[in-house]
Structure formats: structure tokens, C-alpha cells
Amino acid sequence: ASTNTATPDNVRGITTPLLIMGLTASQDLDPVQQEMYYENATGTTDKTLVYVDGATHGLTPCTNCKDAASSYGDTVSEIFNYMATWLSQRFTA
């Protein structure tokens with residue numbers, strides 16, 4: 001728990017609003033890990049976990065998935081639009 005790579009332990013110290021976006025086509029993090037981070041974020045009462053279907057770690061639609069990349073739509077815009085809405089709901093002046 002004392003290293004910066006101990007994410008499940010480190011998220012416990014987050015006390016500000018937290019947005020976790022799971023990218024379902026990412027090979028780096030699977031949905032179970034995202035849920036583990038969400039559940040361990042016990043220091044905040046404002047936490048959100050969402051998944052972007054077909055998005056890769058680079059935010060773009062998956063090109064190696066069983067469905068065509070075009071079936072996932074514009075995942076980059078979806079991600080940034082969601083983040084903008086989420087942020088504006090919490091941090092508008």
C-alpha cells in the first residue's frame with residue numbers, strides 16, 4: 001500500500017469527487033479492476049463509475065473486436081462529452 005502502483009489502497013485517500021471511466025476494449029484494465037477501484041474509494045461520497053463500450057486505452061474505437069469499430073461510434077467524443085458534463089455538474093462557478 002505504500003507505492004504509487006497500489007491503486008486499490010491509494011484510492012481510499014481520495015476525498016474529492018471521483019470519476020472512473022472504464023474503457024471496455026482496453027487491454028490494460030478490465031472492468032473488475034475498475035469496480036475494485038470504485039469500491040475502495042471510501043474517502044469520497046461523490047464517485048461515479050461508467051463504461052465506454054468499445055473504447056481502447058487510446059480512447060478510440062476498437063479495431064480488433066468482434067464488432068466493427070464503426071459500431072461503437074465516436075468513443076473519443078463520447079468520453080470527452082461525458083467528462084465535460086460530469087465536471088460542469090460539480091465545478092461550475
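The following questions and answers walk through a predicted model of one protein.

User: How are residues numbered here, and what pLDDT do local features need?
Analyst: Residues are counted from 1 along each chain as its sequence is written, and side-chain values use heavy atoms, with hydrogens and water left out. Because the model is predicted, side-chain atom pairs count only at pLDDT 80 or more, totals for chains, interfaces and linings use all residues, and local features need pLDDT of at least 70.

User: What percentage of the residues of the protein count as buried?
Analyst: A residue is buried under 20% relative accessible area, exposed over 50% and partly exposed in between (1.4 Å probe, protein chains only). The areas come from the Shrake-Rupley method with a 1.4 Å probe, and for residues only the protein chains shown count as cover. The C-alpha atoms fill a box of roughly 40 × 35 × 15 Å along the principal axes. Of the 93 residues, the buried share is 27%.

User: How many bridges join β1 to β2?
Analyst: Two strands pair if DSSP finds at least two bridges between them. In this protein β1 and β2 run parallel, with Ile-20 opposite Leu-49 in β2 and Met-21 opposite Val-50 in β2. The number of bridges joining the two strands is 6.

User: How many residues of strand β1 are buried, and which residues form the covered face of β2?
Analyst: Strand β1 spans residues 18–23 and is mostly covered, with 5 of its 6 residues buried. In a regular strand the side chains alternate between the two faces of the sheet. In β2 the uncovered face consists of Lys-47, Leu-49 and Tyr-51, while the covered face consists of Thr-48, Val-50 and Val-52.

User: Which residue forms a salt bridge with Asp-9, and at what N to O distance?
Analyst: Side chains of opposite charge can pair when their charged atoms come close. A salt bridge is a side-chain nitrogen of Lys or Arg within 4 Å of a carboxyl oxygen of Asp or Glu, and a search of the whole structure finds 2 of them. Asp-9 is partly exposed at a relative accessible area of 31%, and its side chain meets, at 2.4 Å from N to O, that of Arg-12.

User: How many residues apart in sequence are the parts tied together by Arg-90 and Asp-46?
Analyst: Arg-90 forms a salt bridge with Asp-46, their closest N and O atoms being 2.9 Å apart. Because Arg-90 lies in helix α3 and Asp-46 in the loop between α2 (31–40) and β2, this pair ties together parts whose separation in sequence is 44 residues.

User: Which residues gather in the patch of negative charge on the surface?
Analyst: Patches are made of residues with over 30% relative accessible area and no salt bridge, like charges being joined within 9 Å and nonpolar side chains (Val, Leu, Ile, Met, Phe, Trp, Tyr) within 5 Å. Lys and Arg count as positive and Asp and Glu as negative, whereas His and the chain ends are not counted; the place of a charge is NZ of Lys, CZ of Arg, CG of Asp or CD of Glu. One member, Asp-74, sits in the loop between β2 (47–52) and α3 (75–91) and is partly exposed at 48% relative accessibility. The residues in the patch are Asp-53, Asp-67, Asp-74 and Glu-78.

User: What phi does Leu-59 have?
Analyst: Most residues other than glycine have a negative phi. Leu-59, found in the loop between β2 and α3, is partly exposed, with a relative accessible area of 23%. Although Leu-59 is not a glycine, its phi is positive, at about 80 degrees.

User: How far apart in space are Pro-31 and Tyr-51, C-alpha to C-alpha?
Analyst: Pro-31 has its place in helix α2 and is partly exposed, with a relative accessible area of 39%. Pro-31 and Tyr-51 are 20 residues apart in sequence, and their distance in space, C-alpha to C-alpha, is 8.2 Å.

Note on methods
Helix = DSSP H or I, 4+ residues; strand = E, 2+ residues; numbered from the N terminus.
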